[in-house]
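Let's walk through how two parts of one protein sit against each other. Have the model open as you read.

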Amino acid sequence: MRTRIFNVRLWDAERAVPTQGNVVIYEGHIVAVGDGGSGQPDDGAAQVDGGGATLMPGLVDAHGHLSFPVPGSPRGSDNQPPEETVLATVLNARAMLDAGFTGVIGAGSPKMRAELVVRNEIEAGNFPGPRILASTPTLTVTGGLNDNREMHQDIAPPAIIVDGVDACRRAVRMGFREGVDVVKINISGDDFFPRPAGRTTTMSEAEVAAIAETAHALGLLITCHTRSAEAVKYAVRHGAHIINHADFADEEALNLLEAARDRLFVAPTIGFLRLTQEEGPRFLGQKMVDRMRLDDCMAHNIRVHQALRRRGIRHVIGGDYGVKWMPAGTQARDIALFVEHYGYTPTGALACATRNGALAMRAAHGQDDTPDGLIRVGARADLILVDGDPTRDVAVLQRREAITGVMCRGIFHRNPQPAVHG
Ligand SMILES: [Zn+2]
């Protein structure tokens, strides 16, 4: 059955402004795009009146944590049992889709199988949710970020500890065997925790190389936690697909990123810094927020990502949403922050959230020629209807009620408000 959406204004990364048009969907893909008001009638198709809304590609969170505890949970992500972790993943996936996110790239699942089993059920049509690229738990070294063990305790960290190249290869192969799409690695520390600090590079280049070589051979996407300059360099040199944070990148790191800009994506995760500054004191206490030196990290982050924007880097949005003060489904805040802090135009920031995210989802297979994330024949039909013009006001995407329709895989998860005529 074909679905024809008419009475909409079309926007994607290749259009400066939304223009009147209509779109026909068949078997999960866009099969026709028409200009003008009602366009060619298509008698066999279900007719969906978009009510004059903007029809645009769905949003992609390229650094997702679908398994973080849901709002109101007494648990932290470090001590959430497997059962709650799977439930949280189901609930967060639905919240993301409701908010207009049709794609999520995992950036470390606390349990190896949590994201991938939910991905499988969503793909089978048993739960509503976005497309998910399921991640391994974070691979980190002893004493690295997410190794929260203490000598006197016998606890399992929300990460896989990989010391030495053999352990690195084994962890990647285990993820592949269980069915993940993404390998997440922590190469540097993070000022969010007392140690190791963000400027400290904890994983060796030989370990990064072993992980990358194995992941490339198995066709897995590699996403890296990199705050220090050296961590960025290791990640770029070894062919990582998504570089996260990069706050303390130096000139050499910026040059490496620029030289590799056609094969990688960068998630600046500005939302995490800004929202932790704003909301952190209420949730974590002022003392802890002061210790994180967010002002310092934010100043470096803005300088680096303004420079990367000018150098033509493909930025993507998302990053650590799902923590208590920035719940799943609020990731569109990043789009406004890209405009405010990095000097993006509204359409430039929207392109990061749509086209770049869709390309990042294909990155492991180098499918740069896909029309995904665009309103073009052949693209995956992952689309949202927005009551308003996001190119004039990107903040409209943060209002749940302004997202009047969400289509993923060619099926409306949330029907547009005007009646659907059969
Ligand atoms: Zn993260």
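How much area do domain 1 and domain 2 bury between them, and what share of it is on carbon and sulfur atoms? The answer is about 1,100 Å², with 55% on carbon and sulfur atoms; buried area here is the accessible area (1.4 Å probe) that two parts lose on being put together, summed over both. On the domain 1 side, Cys-408, Arg-409 and His-413 lose the most area to domain 2, together making up 45% of what that side buries.

A word on what you're looking at: this is a predicted model, where local features need pLDDT of at least 70, side-chain atom pairs count only at pLDDT 80 or more, and totals for chains, interfaces and linings use all residues. Residues are numbered from 1 along each chain as its sequence is written, and side-chain values use heavy atoms, with hydrogens and water left out.

So where are the domains? An automatic or database domain assignment puts domain 1 at 3-57 + 372-421 and domain 2 at 59-331. Their C-alpha centres lie 31 Å apart. The contact (heavy atoms within 4.5 Å) draws 15 residues from domain 1 and 12 residues from domain 2.

Now for the charges. The rule finds 3 salt bridges across the interface of domain 1 and domain 2, each being a side-chain nitrogen of Lys or Arg within 4 Å of a carboxyl oxygen of Asp or Glu. Elsewhere in your view, look for Arg-131 and Asp-382, whose side chains meet in a salt bridge at 2.6 Å, N to O.
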